Amino acid sequence: MSSLRGRMFCRLLKVYRPFDPNKSVQQQRASMEKQAKYILMPRNVAVQPIVIGELPAEWLRPIGVNDDRVVLYLHGGGYTMGSCNTHRALATRTAIASQTPVLMIDYRLAPEHPFPAALEDALAAYRWLIESGRPAHSIALAGDSAGGGLVVATTIALRDQSDPLPAAIACMSPWADLAVRGESMVTRARADPLIGRESSLQHAALYVAQHDPSSPLISPIYADLQGLPPLLVQVGDCEVLLSDSVRLAERARQAGVDTTLEVWDGMWHVFQAYAPFLPEAQRAIDGIGAFIDKHMNLHYGFASELAAVTDGSIDSYG
């Protein structure tokens, strides 16, 4: 059972419906930017804007945290909305919970830049980290909604192109099926206070454009997931993307991936974004932090043992 505060907050969101498919993409973007103003940023975090090639990005570094590992964060927004600004607070809380600096990117958005623009930008950011001297085992990927699906698609593309893979990937309410075939699109339609089937179809069409929505790099629910690193999926049981998370986790397990699926009672789409107001949201983020920390430490422990056995002749691995 969700908390009383959670139930009240869910009712409030149903009344105001910040993302209306009857509005233009520009209007919905403005609504998301406006909503972000009400989510307070945690203190004691340094925000550093940077540019990777031509890609705007920013570092989010909790004070006192070492730079020896990093989380690459991909924001949500249906591939048509969202920015570092709208997701800064959520990404920062992920940084604090994992005690790891976060690199968040402003990947290109549809309809101006449909698939594969977002994927290309995510790959470019990851490879920039590698080229900057960071071993793959010191990098984790995290994202919410479309960013959650993009995290998985990015890892699939890295695997298929023989790049070294990150230590772990964490997804909040991942949008993994842009063909919009999940049964929860119907069964959770009245429960979800934020998104629905109509809005999902609207944004999917803008991102997919002339491509097949069932392409594995658009909808990782249809991909071969073999060989992916440990995966954490968090989802609310009151959201239309519940089926995306459940099917993604099932397919990952069948492919032999170390998979953790958490279905949060009474919670909605990317409820973690409301951490300043909801105890469940902060507990979920703390869980993401523990997951990232666990798998980073596993890799570091193995690397240290390997270096000792080889007299330090091997100092990193992918």
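Student: What covers the buried residues of α8?

Tutor: The model is predicted, and helix α8 spans residues 242-254. Its buried residues are Leu 242, Ser 243, Asp 244, Ser 245, Leu 248, Ala 249 and Ala 252. The elements covering these residues include α5 (146-160), α6 (184-187), β7 (231-236) and β8 (259-264).

Student: How far does α8 reach from its first C-alpha to its last?

Tutor: Helix α8 has 13 residues, and at 1.5 Å a residue a span of 18 Å is expected.

Student: Is Ser 145, with its positive phi, buried or exposed?

Tutor: Most residues other than glycine have a negative phi. Ser 145 is not a glycine, yet its phi is positive, at about 55 degrees. The residue is found in the loop between β5 (139-144) and α5.

Student: How does Ala 209 count in terms of relative accessibility?

Tutor: Ala 209 also has a positive phi without being a glycine, near 55 degrees. It lies in the loop between α7 (197-208) and β7. At 39% relative accessibility, Ala 209 counts as partly exposed.

Student: What is omega for the peptide bond from Phe 115 to Pro 116?

Tutor: Pro 116 lies in the loop between β4 and α4. The peptide bond that joins Phe 115 to Pro 116 is cis, with omega near 15 degrees.

Student: Why is the pair of Tyr 79 and Tyr 207 classed as it is?

Tutor: A search of the whole structure finds five aromatic pairs. For Tyr 79 and Tyr 207, the ring centres are 3.8 Å apart and the planes lie at 5 degrees. Planes under 30 degrees apart count as stacked, so this pair is stacked.

Student: How many residues apart are Tyr 79 and Tyr 207?

Tutor: Tyr 79 lies in the loop between β3 (70-74) and α3 (84-98), whereas Tyr 207 is in helix α7. Both tyrosines are buried. The pair links distant parts of the chain, which are 128 residues apart.

Student: What kind of pair do Phe 115 and Tyr 207 form?

Tutor: Phe 115 lies in the loop between β4 and α4 and Tyr 207 in helix α7, so the pair ties together parts that are 92 residues apart in sequence. Phe 115 is buried, as is Tyr 207. The ring centres are 5.9 Å apart and the planes are at 80 degrees, so the pair is edge-to-face.

Student: Which residues do ring pairs link into a cluster?

Tutor: Tyr 207 pairs with Tyr 79 and with Phe 115. The cluster linked by ring pairs consists of Tyr 79, Phe 115, Trp 175 and Tyr 207.

Student: Over which residues does pLDDT stay under 50?

Tutor: The mean pLDDT of the protein chain is 90, and 88% of its residues reach 70 or more. In one segment pLDDT stays under 50, and the model has 14 contacts beyond four places in sequence for that segment, residues 301-318.

How values were computed: Residues numbered from 1 in each chain as written. Predicted model: local features only at pLDDT ≥ 70, side-chain atom pairs only at ≥ 80, totals over all residues. Heavy atoms only, no water. Helix = DSSP H or I, 4+ residues; strand = E, 2+ residues; numbered from the N terminus. Expected span 1.5 Å × (residues − 1). Buried < 20%, exposed > 50% of the residue type's maximum accessible area, 1.4 Å probe, protein only. Contact = heavy atoms within 4.5 Å. pLDDT = per-residue confidence, 0-100. Phe/Tyr/Trp six-rings, centres within 6.5 Å; stacked < 30°, edge-to-face > 60°.
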